[in-house]
Amino acid sequence: MSRGAGVEKSTASASARTCGSCSACCTVMSVREIAKGMYEPCEHLCGAGCGIYAERPGSCRTFECQWLRGVLEVDGAIETEMRPDACGVVFHYQPESAFGEMFTACEVEPGASGSGHARSIIKGLEERFLVMIVTPSRDGEKGPGERSFVGPRHLVTRATAVLWSRPTGRLPPH
């Protein structure tokens, strides 16, 4: 299934996709404007989605996961099963990270990056790009757990060296 997995321009219009019942980014992504950290459920998340949708912060307005943008594919197909709440991973493209062009794969469910559609997508991406896999904290604490890198060896070596040269393993600002 990993054959052909990766990022491609989709013929499907990004505007044709909606989040629907998915609210994975509302937990895994950080939002500076409201001091929400990674892997902290947003205080504005309610049963109907975002309770402040019309007034949501700018970073929420502009964020689009790779599924929503319509650029993830496995074997040439873009499937609903690859939506973050279904595959268990939020994929985010960062064209100008501290390491250059990079993808972040934030697990919604522990271990999700190692199986199913998420693993197929990561396998396709790591052939050409640095991919940082972020796991939820396993000790019940808020915030991210472990970070690991896959991708071309020279990029992984550099990213790992930079990550571990920082106090408490924090990434440099981008």
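Both faces of strand β7 are covered, since L130, M132, V134 and P136 on one side and V131, I133 and T135 on the other are all buried, where buried stands for under 20% relative accessible area with a 1.4 Å probe and protein chains only. In a regular strand the side chains alternate between the two faces of the sheet. Seven of the seven residues of β7 (residues 130–136) are buried, so this strand is largely enclosed by the rest of the structure; strands here are DSSP runs of E with at least two residues, and helices are runs of H or I with at least four, numbered from the N terminus.

This is a predicted model, in which local features need pLDDT of at least 70 and side-chain atom pairs count only at pLDDT 80 or more, while totals for chains, interfaces and linings use all residues. Residues are numbered from 1 along each chain as its sequence is written, and side-chain values use heavy atoms, with hydrogens and water left out.

On one flank, β7 pairs with strand β6 (residues 100–107) in the parallel sense over five bridges, pairing being counted when DSSP finds at least two bridges between two strands, and C106 stands opposite V134 of β7. Strand β8 (residues 144–150) runs antiparallel to β7 and is joined to it by five bridges, with P144 in β8 as the bridge partner of P136.

β5 pairs with β6 in the antiparallel sense over seven bridges, and E107 in β6 is the bridge partner of V89.

Technical notes:
Buried means under 20% relative accessible area, exposed over 50%, partly exposed in between (1.4 Å probe, protein chains only).
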